[in-house]
Amino acid sequence: MIVLFLQIITCSLFTTTASSPHGFTIDLIQRRSNSSSSRLSKNQLQGASPYADTLFDYNIYLMKLQVGTPPFEIEAEIDTGSDLIWTQCMPCTNCYSQYAPIFDPSNSSTFKEKRCNGNSCHYKIIYADTTYSKGTLATETVTIHSTSGEPFVMPETTIGCGHNSSWFKPTFSGMVGLSWGPSSLITQMGGEYPGLMSYCFASQGTSKINFGTNAIVAGDGVVSTTMFLTTAKPGLYYLNLDAVSVGDTHVETMGTTFHALEGNIIIDSGTTLTYFPVSYCNLVREAVDHYVTAVRTADPTGNDMLCYYTDTIDIFPVITMHFSGGADLVLDKYNMYIETITRGTFCLAIICNNPPQDAIFGNRAQNNFLVGYDSSSLLVFFSPTNCSALWN
């Protein structure tokens with residue numbers, strides 16, 4: 001989920017900026033012992049790869065992790081579009097209602113509030129959909145699984161303790177920032193796990209997010225594209241989209257204001273739909289409308305998507321995203337068309353926006369691709385995968 005505004009008042013030791021396996025099989029969730037004797041520091045996990053269980057929650061993906069000592073499990077949204085890790089904390093002055101218990105720092109022996117000039121360090125983060133979280137910064141132990149069979153423990157990890165958060169879904173208790181920013185989970189893992197991360201999103205069930213060597217995406221059918229960093233919005237994963245094919249119609253970005261050579265679209269796990277700038281978006285819409293013979297209708301969701309009266313998704317053309325370096329992603333119709341709450345209405349899952357809003361490659365378009373990030377090679381890898389079957 002792209003960040004519109006992030007304000008963090010910190011001491012000089014902590015600053016942050018933000019704008020949200022091939023051949024690897026593992027069983028579903030295994031409970032770990034809470035005893036300190038079974039927990040190893042990250043430096044002791046020689047050859048192990050950290051991972052976490054993930055859950056699909058209608059249009060977002062949640063990651064299971066533990067904070068504090070003893071470990072307290074939370075489910076937080078996976079967000080490559082931001083870098084702050086935060087969860088709602090007691091006492092909550094203005095928290096949204098969540099189903100799971102709220103983390104109480106007073107019960108943790110490893111919680112330590114950060115201090116700025118003798119006072120608490122505060123943060124305020126506002127996301128593009130106007131949801132927000134405000135609170136204090138702290139260091140705390142964060143724990144996830146590892147392939148060694150022992151927990152992967154990150155002591156003194158910087159997190160946000162949210163005391164005033166609003167408009168989020170009650171099914172989750174915070175956010176896990178996974179961008180390149182300094183306070184993201186992947187950055188705070190340290191040099192032993194140098195920016196290697198992969199996930200495989202499905203529209204149902206449980207999956208995994210992997211870090212380290214098990215996050216490498218390789219093998220037949222894998223394509224890759226360069227990712228770029230920008231000074232305007234550092235930490236975000238920018239890709240370069242060269243064209244979109246709608247059936248046999250090729251819609252180039254060349255010749256439009258959307259064209260770029262060093263990144264024009266953010267890949268974001270925390271945003272559901274895909275967003276294009278309005279001028280280019282209209283060209284793609286025109287190409288879709290040329291193929292579809294069904295009657296058009298207004299978007300019942302209020303997002304001004306291109307919608308049609310139809311009871312089947314089969315009438316729509318296949319869409320292919322052409323990223324730089326020859327990474328051509330042939331998308332399933334589920335990736336690009338969505339049935340609305342009004343039955344018998346399907347819409348193109350691409351929203352048109354205006355500058356300075358960013359173009360975004362959202363999580364629905366990424367469904368059934370094993371997506372791997374390697375910040376050392378500056379590449380993102382895609383492997384067409386039945387993600388539901390992969391983890392079962």
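1. Phe201 has a relative accessible area of 1% in this predicted model, and the residue is therefore classed as buried, since the cut-off is under 20%. Tyr199 likewise counts as buried, at 1% relative accessibility.

2. The structure holds 22 aromatic pairs. One of them joins Tyr199 and Phe201: the ring centres lie 4.2 Å apart and the planes meet at 10 degrees, so the pair is stacked, given that planes under 30 degrees apart count as such.

3. A contrasting geometry is found for Phe276 and Tyr280. Their ring centres are 5.5 Å apart and their planes stand at 70 degrees, so this pair is edge-to-face. Both Phe276 and Tyr280 are buried.

4. Tyr199 and Phe201 also belong to one aromatic cluster, together with Phe56, Tyr61, Trp180, Tyr237 and Tyr373.

5. Charged side chains are placed over aromatic rings as well. The charged end of Arg364 sits over the ring of Tyr334, 3.8 Å from its centre. Lys134 lies over the face of Tyr132, at 5.1 Å from the ring centre.

6. On confidence, the chain has a mean pLDDT of 87, and 88% of its residues reach 70 or more. Residues 8–45 fall below 50 in pLDDT, yet this stretch has 120 contacts in the model beyond near neighbours in sequence. Where pLDDT is low, the predicted coordinates should not be read in detail.

Definitions and conventions:
Residues numbered from 1 in each chain as written. Predicted model: local features only at pLDDT ≥ 70, side-chain atom pairs only at ≥ 80, totals over all residues. Heavy atoms only, no water. Phe/Tyr/Trp six-rings, centres within 6.5 Å; stacked < 30°, edge-to-face > 60°. Buried < 20%, exposed > 50% of the residue type's maximum accessible area, 1.4 Å probe, protein only. Lys NZ or Arg CZ within 6 Å of the ring centre and 35° of its normal. pLDDT = per-residue confidence, 0-100. Contact = heavy atoms within 4.5 Å.
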